[in-house]
Amino acid sequence: MPCCKEVTLMIEKELQHAALSFWQRMGMKIHLLICIYCRRYAQQSKIIDTHLDGMVAQTDLLPDPSLKEKWEKVIAENKKK
């Protein structure tokens, strides 16, 4: 049976949609039946993952082009000094 460290890595792999072997999945499920801390970790990781997916979909990650021009001017002025 896998230890807590191995189970947390397996949980993260599952959240990233990576394939686990049959025995890895069975070992993880047995461990999760026994270990309340890993069960809690799995629940919290799933919640965080769903919230982060929603945040990335809602935000525009590109900066304003005028902001880039302002910083280029500031950097150019500082280079002259």
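The expected span of a helix is defined as 1.5 Å times one less than its number of residues. In this predicted model, helix α2 has 13 residues and reaches 19 Å from its first C-alpha to its last, close to the 18 Å expected at 1.5 Å a residue. Helices (H or I, at least four residues) and strands (E, at least two) are DSSP runs, numbered from the N terminus. The model is predicted, so local features need pLDDT of at least 70 and side-chain atom pairs count only at pLDDT 80 or more, while totals for chains, interfaces and linings use all residues. Residues are numbered from 1 along each chain as its sequence is written, and side-chain values use heavy atoms, with hydrogens and water left out.

**Chain overview**

- The chain contains four helices and zero strands, and its elements run α-α-α-α from the N terminus on.
- Of the 81 residues of the chain, 17% count as buried (buried is under 20% relative accessible area, exposed over 50%, partly exposed in between, with a 1.4 Å probe and protein chains only).
- Among contacts (heavy atoms within 4.5 Å) in the chain with a separation of 6 or more, 62% come from residues 24 or more positions apart.

**Packing of α1 and α2**

- The axes of helix α1 (residues 4-15) and helix α2 (residues 22-34) come within 10 Å and cross at roughly 115 degrees; axes are lines fitted to C-alpha atoms, for helices over the stretch in contact, and angles run from 0 to 180 degrees between N-to-C directions.
- From α1, Cys4, Val7, Met10, Ile11 and Glu14 meet Gln24, Met28, His31 and Leu32 of α2.
- By class, this contact of α1 with α2 has six nonpolar, two polar and one charged residues (Ala, Val, Leu, Ile, Met, Phe, Trp, Tyr, Cys and Pro count as nonpolar, Asp, Glu, Lys and Arg as charged, and the others, Gly among them, as polar).

**The two sides of α2**

- Gly27, Met28, His31 and Leu32 are buried in α2.
- These residues lie on the same side of α2 because they cover an arc of only 135 degrees around the axis, the arc being that of the directions from the helix axis to the C-beta atoms.
- Trp23 and Leu33 are exposed on the other side of α2.

**Glutamate 14**

- Glutamate 14 is found in helix α1 and counts as partly exposed because its relative accessibility is 36%.
- Leaving aside neighbours within four places in sequence, glutamate 14 is in contact with Leu20 and Met28.
- Glutamate 14 and lysine 46 are 32 residues apart along the chain, and their C-alpha atoms are separated by 9.9 Å.
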